[in-house]
Amino acid sequence: MCEFFNNFSTNGDVEDKITVVRKRGVRRISLRVDAAGQIILTLPWFVTTARGLAFAAGKAEWIEAVRTRIRAAAKQQQQEAAAAGYDSLDSYVEVLRARAKRQLPARLAELAGRYGFQPSQVRIKHNRSNWGSCSARGNINLNLNLVRVAPHLRDYVLLHELCHLRHANHGPAFHSLLESLCEDLCRRDYPHLAGNYARRMQEGALHLQWRRELKNVKFV
Ligand SMILES: [Zn+2]
């Protein structure tokens, strides 16, 4: 699922590997490398393509570093797929998707019922940008990677998205609601972990700790 450009060099072939995007309202040149390793250069209307490409060429080292990281992550994913007994990453992802469809909506409904939330629709997504999201209409998207993480971390993401049904932001009210739900969840469903997290709960920072733990997980 990851495609990479073979080489990025500053010697003239930069243009072939870069997607130039022009958007209304953009005031600055920006450069990013997406999850597939593609280089996207966004230009304001008043900047010529030549100047934009010169800007990108000046960042060649940074681009290469990002793409090296992406390649390393892809290799790790292939290894994980192989270790799990699948011959390709795609077939591994399909197995994860099927498992996610079986498990995640059911668990979300369970937690929603317990804590008094009513999500509209639940969809399973495969992306590398987030663990989950919640739309203004109350639709919740969940990343299929959630079936690869420890159950308490999966539940943390589900609770995070459910809390957005009440607070469409990450303000103090959102955080205090999420913290209280995570603490309750930990005591009820993961009592064997409660001892490990006692200090975090005293500090009111259990959800922040779980967020940190999730940061170490790489998406497939
Ligand atoms: Zn959020």
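This is a short talk on the fold of one protein model, from the overall layout down to single residues.

Two points before we start. Residues are numbered from 1 along each chain as its sequence is written. The model is predicted: local features need pLDDT of at least 70, side-chain atom pairs count only at pLDDT 80 or more, and totals for chains, interfaces and linings use all residues.

Let's take the overall layout. The protein has 9 helices and 6 strands. Helices (H or I, at least four residues) and strands (E, at least two) are DSSP runs, numbered from the N terminus. The C-alpha trace spans about 60 × 45 × 35 Å along its principal axes. There are two domains: domain 1 covers 14-83, and domain 2 covers 89-215. Those bounds come from an automatic or database domain assignment. The C-alpha centres of domain 1 and domain 2 are 31 Å apart.

Next, burial. Of the 220 residues, 23% count as buried. Buried means that 20 or more other C-beta atoms lie within 10 Å of the residue's own; exposed means 12 or fewer; partly exposed is in between, with C-beta atoms placed from the backbone. Now contacts. Two residues are in contact if their C-beta atoms, placed from the backbone, lie within 7 Å. Among contacts between residues at least 6 apart in sequence, 51% join residues at least 24 apart.

On to the sheets. Strands pair if DSSP finds at least two bridges between them. β2 pairs with β3 (residues 39-43) in the antiparallel sense, over 4 bridges. Within that pair, V33 has I39 of β3 as its bridge partner.

The other open sheet also needs a look. Its 3 strands run in the order β4-β6-β5, with mixed pairing. β4 and β5 are the edge strands, each pairing on one side only. The twist averages 15° from one strand to the next. α4 packs on this sheet and touches β4 and β6; its direction makes about 150° with that of β4. Such angles run from 0 to 180 degrees between N-to-C directions, with axes fitted as lines to C-alpha atoms, for helices over the stretch in contact.

Which residue of β6 is the bridge partner of S133? It is N141. R123 also stands opposite N141. The pairing senses are these: β4 (residues 122-125) and β6 are parallel over 4 bridges, while β5 (residues 132-134) and β6 run antiparallel, joined by 3 bridges. β5 and β6 form a hairpin with 5 residues between them, and G138 in the turn has a positive phi of about 85°.

Now the cores. A nonpolar core is a set of buried Ala, Val, Leu, Ile, Met, Phe, Trp, Tyr and Cys residues joined through C-beta atoms within 7 Å. The largest one has 29 residues, and those touching the most other members are A100, L104, L144, L146, L159, L181 and C182. α4 (89-115), β6 (140-143), α5 (151-163), α6 (172-189) and α9 (206-215) each supply at least two residues. Which element gives the most? α5 does, with 6 residues. Leaving out residues up to four places away in sequence, L159 touches L111, L178, L181, C182 and L185. A second, separate core has 6 residues, including L41, L43, A56 and I63.

Take α9. Its buried residues are L206, H207 and W210. Seen down the helix axis, they fall within an arc of 95°, so they line one face of α9. That arc is taken over the directions from the helix axis to the C-beta atoms. These buried residues pack against α5, α6 and α8 (198-203). On the other side of α9, R212 and K215 are exposed.

Last, Y92, in helix α4. Why does Y92 count as buried? Because 20 other C-beta atoms lie within 10 Å. Y92 touches A81, A84, Y86 and V220, not counting residues up to four places away in sequence. Y92 and A81 are 11 residues apart in sequence, and 5.7 Å apart in space, C-alpha to C-alpha.
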